[in-house]
Amino acid sequence: MQNAGAIFLGSTPGPARAYLGGLLAALRRRYRRLVIPCCGKFAIAEVALNVGWSPERIDCSDVSLFSSVLGYLACGKPLSALQVSVTPPEQLEATLSPLSLDTPGQILYTLKLLTAHQHAKTYWAELIMRELQRHRDKHIEELQTQAQALAGKLSGLNYRAIDMWEHLEEVQADASAITYVNPPVYERGYTRLYDTGGALSWAEPSFQEFSPKTQNMGLRERLMQFAGLAILGRQHCIDEAESPLVIFASEYSLERTDYLLANKPQVVADLFSPGAKGFARMGVRPSSYPIFAEEDEVTADSEIRFIPCPSQVGLYYRDLWAHRLAATNADAHYMVLLDGKLFSVLGMQFRKFFGADAGPAVDYVFEQYGFSVPHARYHCTPTDWTCRCAGRSHGGCSCAALRICSTRTCRSPLSIRSLPAWGWLSATRFRFSLSGLSG
Ligand SMILES: C[S@@+](CC[C@H](N)C(=O)[O-])C[C@H]1O[C@@H](n2cnc3c(N)ncnc32)[C@H](O)[C@@H]1O
């Protein structure tokens, strides 16, 4: 599902950003300029600035209105040059018509609302729409503050709204340039992320949307011909011929490893010693608790405990008990112990919840993943462990829900002393301890 309410997706992930920080610091005096087509949210420009590149040596470009608003602010171009105009759909007319679209906050809010409207096919997306409309001015103000803060950090860099291929053409012969390209990863990702249903128009550059399915290889071959150093971000996998070009790899799950490839890996090896073949392992590992076994029993006196664990431990069991899942991240990972034995793992994310009432969004805890040990008699579905925390802080855990049933299809419940045979059980009626949620 498209992430409703997301205004940008796809920044270079943290481990690769950290590696690039070291590399760009080491190469700062050797190369004259840093060129970043497909700059997105300017994550790599920020990294370069943090390690001492001066903004006037950084050239960024993108084709999206989101990047262009931030880029124009950062390089001091007037937003009026973007020529944003909107013909809102009827349902959004009252919210959007009063806006003059002359501030970054208003333009970004309009883009966010119109794209959320296009994705409002699920209940969750509808809640986001409702929240955005009810609290329009608050959201405009927040987006304005964030845009100005980022533009302040990036102030002085160069930005143009142009297609990545045009930008690559310009820099190809420049031996004094480092070019970093992290192209779109999902087919038609740009179209889906920025689809406003034709309600918004702006001075969009002409471009053909990058297709990772058909253009990854062509892009790599093109970068191989660059006179300067060219670095390419590649998510999920590489083909065999590319492995000598790998300068960094980062493992996300058994199924996904991301890579950075370079056209001149030897130059990187010579100038940046830790980087010859950087590899950031996730380091997934088991815990010391025994796993709940086939012969183990749940009794009326059984005790359930939630124990916080590092992501590497939670994700180890997630991958052990469920195969071929995309990488998941969570703000907190837990092991669920049944009488001291590992029965489930789950990951929680602390996010805003929009549907509570007419007031502004509140802090909430969402389950990101939840898997239990395969067992012939006892089975827990992922949502069964979901803990709902009310209140403003994550420490305000007021209730926890637990269901255990004795068949895989969850039809016949297991009776535990003093508990109803089936249904939501209150934490107070069960020896149940939920530790660490206040983090
Ligand atoms: C995965 S994001 C890259 C984010 C950023 N480079 C980073 O590493 O944090 C891909 C970006 O490519 C931009 N882009 C530029 N030229 C494009 C083209 N021809 N087709 C599709 N997307 C393009 C999209 O707007 C999007 O911001």
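**Notebook: helix crossing, ligand shell and cores**

I began with helices H5 and H7, whose crossing is right-handed (the near helix is turned clockwise from the far one by less than a right angle; left-handed if anticlockwise). I noted that the model is predicted, that local features need pLDDT of at least 70 and side-chain atom pairs pLDDT 80 or more, while totals for chains, interfaces and linings use all residues. Residues are numbered from 1 along each chain as its sequence is written.

**H5 and H7.** I looked up the span of each helix: H5 covers residues 104-119 and H7 covers residues 136-154. Their axes come within 7 Å and cross at roughly 115° (lines fitted to C-alpha atoms over the stretch in contact, with angles from 0 to 180 degrees between N-to-C directions). On the H5 side I found Pro104, Gly105, Gln106, Leu108 and Tyr109. These meet His139, Ile140, Glu141, Leu143, Gln144, Ala147 and Gln148 of H7 (contact: C-beta atoms, placed from the backbone, within 7 Å). I recorded six nonpolar residues, five polar and one charged in this contact (Asp, Glu, Lys and Arg are charged; Ala, Val, Leu, Ile, Met, Phe, Trp, Tyr, Cys and Pro nonpolar; others polar).

**Whole chain.** I counted twelve helices and 17 strands in the protein chain (DSSP runs of at least four residues, H or I, and at least two, E). The chain has 439 residues, of which 35% are buried (20 or more other C-beta atoms within 10 Å; exposed, 12 or fewer; partly exposed, in between). Among contacts between residues at least 6 apart in sequence, 69% join residues at least 24 apart.

**Ligand.** I listed 24 residues around the ligand, with Gly10, Thr12, Cys38, Gly40 and Asn182 coming nearest (near: C-beta atom within 6 Å). The shell divides into twelve nonpolar, eight polar and four charged residues.

**Cores.** The largest nonpolar core holds 73 residues (buried Ala, Val, Leu, Ile, Met, Phe, Trp, Tyr and Cys joined through C-beta atoms within 7 Å). Ile36, Ala45, Ala48, Val69, Leu260 and Ala262 have the most contacts inside this core. Apart from it I found another core of 20 residues, including Ile304, Leu342, Leu346 and Phe371.

**Positive phi.** Which residue in the loop between strand S1 (33-36) and helix H2 (43-50) did I examine? I examined Phe42 there, which has a positive phi of about 65° although it is not a glycine. Phe42 is buried, with 26 other C-beta atoms within 10 Å. I then turned to Leu101, in the loop between helix H4 (93-96) and H5. Leu101 is not a glycine, yet has a positive phi of about 55°. Leu101 counts as partly exposed, with 18 C-beta neighbours inside 10 Å.

How values were computed
Contact = placed C-beta atoms within 7 Å.
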